[in-house]
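Dear colleague,

Please find below the structure that I am handing over to you, shown with its sequence. My findings follow it.

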Amino acid sequence: MKKLKTNIFVLMVVSLFVSSCDVMDTEPFESYSEELVWSDKATADAFVYQTYANIVGGLYADPIFEDYLTTNITSYWNWGINVYAREQFDRFNGVGGFGNFGNVRRCNIIIEKSQASPSLSEGQKAELVAEGKMLRAMLYYHQARRMGRIVYIDKVLSPEDTDAFNTPFTASPSETYPLIIKDIDDAISGLPTDAIVGRFNKYAAYAFKSEVCLQAAAYTGQTEYYDQAITAANAVIDSGKYQLVGDFESIFRDGGHTSSEVILAIERVEENTTFWNIGGMMNMIPNISNDDLNASQSGPLLKDEGGRSFGGWHFHSPAQNLVDDFLVVDEADGLAKPWDQTTQYTSAVSDDTGNLSIGDYTTFPVNIPHEEDMESTTAGPIIVSAGKTSGENVSEIMYNNRDERFYATIVYDSTTWIKNELVTMNVNGNLWGFSRGGGNGGLDGWHTTTSNYYFKKTVYDHEAQGPVPTDYHYMVFRLGRVYLNKAEAHLQKGQISEAVDALNETRVIHGKLPVSTASTIEDAWEDYKRERRVELVLENDYYFSLLRWGKIGGPANHGLEPNSAIPELNESAKGIQISKDRTRYYIGQMRRLGDWERHFTPKRYLFPIPQGALDERAASGIIDQQNPGW
């Protein structure tokens, strides 16, 4: 299959003619040769490829920020947990993503210059215009789901365009989303049904529209968007071009971009990419050697000849909160249930919460439980639950018979991982959170897990880690996500059976779970929300889905009124400790970086428009209003 591999030589040639743009999208004027760029499809493509890299790669390829704001992730390092998740930031923060006028200009150049080219065929022009509009829609959507409002520029500006310089922010999301959806619709009409990997086809635009319409409906109250979402989703599903695959893990492994489920992926190629360039791997893999294990009396030792199978720079761990949503099949009745409600759990595990004392599990290299584990926060006791068996392996009870996506997403105690190493996350296990020792009074595990889990999804089984050339792909649109968009639109229309049918597609084919039989709107929403969470981990989704559900309210947000606080964004992030003999465990609030202290108020349904941008525009006579609450 052909791949979108950037022609470095062509990009270097074009870069001689293309300079950066100013804040209001007025430059370059004559800083590149239009005749060179738009007289040939290859040079036009080089300009388009760079715009893809800037917008799709630059805005949609980092999965961390969205999940980092939720209890999907706990962190070893302070990447904003004290700011964003606690809502300790103000209107001067640039988190809303305002600006990017240089890339807006690039989109408008593609649209205008390709249309005007005397050298391109009509078919080439139509496709390039469509790509320009789709890129512009994706850029503005990135801003819209954060700030709700945008400064919409739809032409290449020159110094004479004085009126355009005074373009205000859209007044509200109700004004924003029609502009974005019109660009998507225009793109659909011009895009081909087939395209090389990494470039838009018609179905990528339909997939994108199916989700944009969900956000548009929630933020505008205009329910007709749900019909548009269903129509767009069905266009992808009914095309027959894409199929859900039974091997969920394969979609996110090396070569997964060629999966029959993938609609659009961003591919990085080894000619210009190393392991160190890919945060999705580098920051998920711990840094552990046999020397570390010997020093902390942990094991088993790694079988790698050099004693370092794991040479990453770990920052991000899955939280127990996420792990809890992967259901387990009950061995007695065959139903899918939360892990601590199955027959195999309730028959073998007794409550141990009141029986823990400092150092019960180990005293080296740190006390487990730790002194601070026995304390409380404003959210309540740090230890929230604990269990004990009479000899049975509690890890097997917790982790056997799970949703298949659990095994593709989470690295857990007593499994195998990179280089086929046996990974143990019980106390004194080889990848346990303190297997590299503990500083800061025992709270820090130095680039090891904070929760006693690691992410497997998005991490390739690399034999070598470091400045090693590697291919890699980021997922943007795939069929599983489209089915879930369709399910949500049906739920919003009160069409429960249609919604459950759609969510069962991923639940059964990817999760290998029995079907949901939800028949009430409350049960259907519960199953749907869980399904979307476990299906789309690290795919730029969960935080903005929670916002959407909170805007809607009712069964989408625990029966609360629309625009209420969102419980999932106010709960503590949690981790687990499993005793060395695997007969006991406890789950507790994360103490590292105060990860238990998360705070959400309804003003965060929209991030602030950066006040600096408003002030700069005001100095030029453009008066805009700040978002409510900021």
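In the class counts given here, Ala, Val, Leu, Ile, Met, Phe, Trp, Tyr, Cys and Pro count as nonpolar, Asp, Glu, Lys and Arg as charged, and the others, Gly among them, as polar. Please note that this is a predicted model.

In total, the structure holds four cavities of 30 Å³ or more.

T458 also deserves attention for its backbone. Its phi is near 75°, a positive value in a residue other than glycine. T458 is placed in the loop that runs between β15 (454-455) and β16.

The largest pocket

The volume of the largest pocket is about 590 Å³. There are 25 residues in its lining, and those closest to the centre are D325, R530, R533, H558 and E568. Two or more lining residues come from each of α14 (320-324), α20 (521-535), α21 (542-552) and β18 (584-589). Among the elements, α20 gives the most to the lining of the largest pocket, with six residues. Divided by class, the lining of the largest pocket has eleven charged, nine nonpolar and five polar residues.

Helix packing

Two packed helices are described by the angle between their axes and the distance between the axes.

On the α6 side the contact is made by N103, V104, C107, N108, I110, I111, S114 and Q115, and on the α7 side by K125, L128, V129, G132, K133, L135, R136, L139 and Y140. By class, this contact of α6 with α7 has nine nonpolar, five polar and three charged residues.

The second pair also involves α6. Helix α3 (residues 41-60) packs with α6 at an angle of about 145°, and their axes are 10 Å apart. The crossing of α3 and α6 is left-handed. In this contact, F47, V48, Q50, T51, N54 and I55 of α3 meet N103, R106, C107, I109 and I110 of α6. The residues of the contact of α3 with α6 comprise six nonpolar, four polar and one charged. N103, C107 and I110 of α6 take part in the contact with α7 and in the contact with α3.

The crossing of α7 and α10 is left-handed. The residues in contact are M134, A137, M138, Y141 and R145 of α7, together with A204, A205, F208, E211, V212 and Q215 of α10. By class, the contact of α7 with α10 has eight nonpolar, one polar and two charged residues.

Cis peptide bonds

P300 lies in the loop between α13 (290-295) and β4 (310-311). Another runs from I368 to P369, with omega near -5°. P369 belongs to the loop between β8 (350-351) and β9 (376-377).

With kind regards

Terms used:
Residues numbered from 1 in each chain as written. Predicted model: local features only at pLDDT ≥ 70, side-chain atom pairs only at ≥ 80, totals over all residues. Heavy atoms only, no water. 1 Å grid on protein atoms, 1.4 Å probe; cavity = no way out; pocket = protein on both sides within 12 Å on 5 of 7 lines; lining within 4 Å. Points joined across faces, edges and corners; volume = space filled by probe spheres on them. Helix = DSSP H or I, 4+ residues; strand = E, 2+ residues; numbered from the N terminus. Contact = heavy atoms within 4.5 Å. Axes fitted to C-alpha atoms, helices over the stretch in contact; angles between N-to-C directions. Left-handed = near helix turned anticlockwise from the far one by under 90°.
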